[in-house]
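Have a look at the model first, and then we can go through it together.

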Amino acid sequence: MANQDERSRGEAGQGGSVGSGGRPIELKIRDIGQLFQSLDPLPFRERDLDAAVEEYLVAWAREQGGSAPIRILVHLPAEETRRAEAGHIADAIRNYFAYRAEVAGWELNELFRIGRASLVIGLTVLALCVALGAEVSSRVGEGYVGRFFDEGLIILGWVANWRPIQIFLYDWWPLVRRRRLYQRLARAVIDLRSLRA
């Protein structure tokens with residue numbers, strides 16, 4: 001389902017019901033340049049995809065789910081298929097998503113690095129809070145004031161571990177899913193079709 005901006009620029013993608021039948025993700029363009037960032041000076045094989053095109057392909061690939069190979073069908077005018085750049089479209093799309101998968105891997109490594117550092121800090125704070133709580137309890141006694149400080153410090157110690165626990169239990173899953181999706185797109189089978197006049 002292409003958004004309104006895509007339609008206005010002639011990039012209306014036409015994805016069929018890809019979820020069940022494994023049908024290809026379809027893109028309909030007027031010229032090859034619509035697939036890529038217009039300000040990117042690199043050759044077609046190394047250019048970044050247009051943000052709307054990337055969003056469209058990722059959304060349809062996510063809709064397909066599973067691990068079956070992804071097919072992308074690019075419809076474009078016959079004169080565009082004869083351009084030299086047309087031969088690089090498949091490589092350009094696959095290279096772009098391979099790079100995005102690599103970036104997602106870097107983000108995952110950085111998240112785990114932050115998680116490890118946060119865990120060291122959190123466990124250190126927890127150990128200090130437990131030791132300090134025991135010290136306060138021994139000086140103040142086992143009454144309400146001693147319990148208040150002891151339990152309050154233990155709660156503070158566990159709160160200091162909230163971030164690493166969140167990272168190692170939940171935050172890494174979306175990055176792994178995104179990286180897998182990009183890897184599937186990087187292996188996509190990409191075909192060009194001439195538009196009928």
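Angles between axes of 65 to 115 degrees count as roughly perpendicular, while those over 145 count as roughly antiparallel. Keep these cut-offs in mind for the helix pairs below. One more point before starting: the model is predicted.

**The chain as a whole**

The protein chain holds seven helices and three strands. Read from the N terminus, its elements follow the order α-α-β-α-β-α-α-α-α-β. Of the 197 residues in the protein chain, 38% are buried. When contacts between residues at least 6 apart in sequence are considered, 74% of them join residues at least 24 apart.

| Helix pair | Angle | Distance between axes |
|---|---|---|
| α3 and α5 | about 75° | 13 Å |
| α5 and α6 | roughly 175° | within 8 Å |
| α5 and α7 | about 170° | 8 Å |

Sorted by class, the contact of α3 with α5 has four nonpolar and two charged residues, with no polar ones.

Next comes helix α6, made of residues 144-159. The axes of α5 and α6 cross at roughly 175°, and therefore α5 is roughly antiparallel to α6. From α5, the residues in this contact include Gly122, Val125, Leu126, Cys129 and Val140, and from α6 they include Val145, Gly146, Phe149, Asp150 and Trp158. The contact of α5 with α6 divides into 14 nonpolar, five polar and one charged residue.

Alanine 92 lies in helix α5. Its relative accessibility is 0%, so alanine 92 counts as buried. The C-alpha atom of alanine 92 is separated by 8.2 Å from that of leucine 49, although the two residues are 43 residues apart along the chain.

Leucine 108 also has its place in helix α5. Leucine 108 has a relative accessible area of 6%, which means that it is buried. Setting aside residues up to four places away in sequence, leucine 108 touches Trp172, Leu175, Val176 and Arg179. Two of these names, Leu175 and Val176, belong to buried residues of α7. Leucine 108 and aspartate 171 are 63 residues apart in sequence, yet their C-alpha atoms are 9.3 Å apart in space.

Valine 140 is found in helix α5 as well. At 47% relative accessibility, valine 140 counts as partly exposed. Beyond its neighbours within four places in sequence, valine 140 is in contact with Val145 and Gly146. Both Val145 and Gly146 are among the α6 residues that take part in the contact with α5.

**A closer look at α7**

Helix α7 takes in residues 162-186, a total of 25 residues. From first C-alpha to last, α7 reaches 36 Å, close to the 36 Å expected at 1.5 Å a residue. Where is α7 kinked? The kink, of about 45°, is centred on phenylalanine 168.

Which residues of α7 are buried? They are Pro164, Ile167, Leu175, Val176, Leu181, Tyr182, Arg184, Leu185 and Ala186.

How values were computed: Residues numbered from 1 in each chain as written. Predicted model: local features only at pLDDT ≥ 70, side-chain atom pairs only at ≥ 80, totals over all residues. Heavy atoms only, no water. Helix = DSSP H or I, 4+ residues; strand = E, 2+ residues; numbered from the N terminus. Expected span 1.5 Å × (residues − 1). Bend = angle between axes of the 7 residues up to and from the residue. Buried < 20%, exposed > 50% of the residue type's maximum accessible area, 1.4 Å probe, protein only. Axes fitted to C-alpha atoms, helices over the stretch in contact; angles between N-to-C directions. Nonpolar A, V, L, I, M, F, W, Y, C, P; charged D, E, K, R; others polar. Contact = heavy atoms within 4.5 Å. Parallel < 35°, antiparallel > 145°, perpendicular 65-115°, else oblique.
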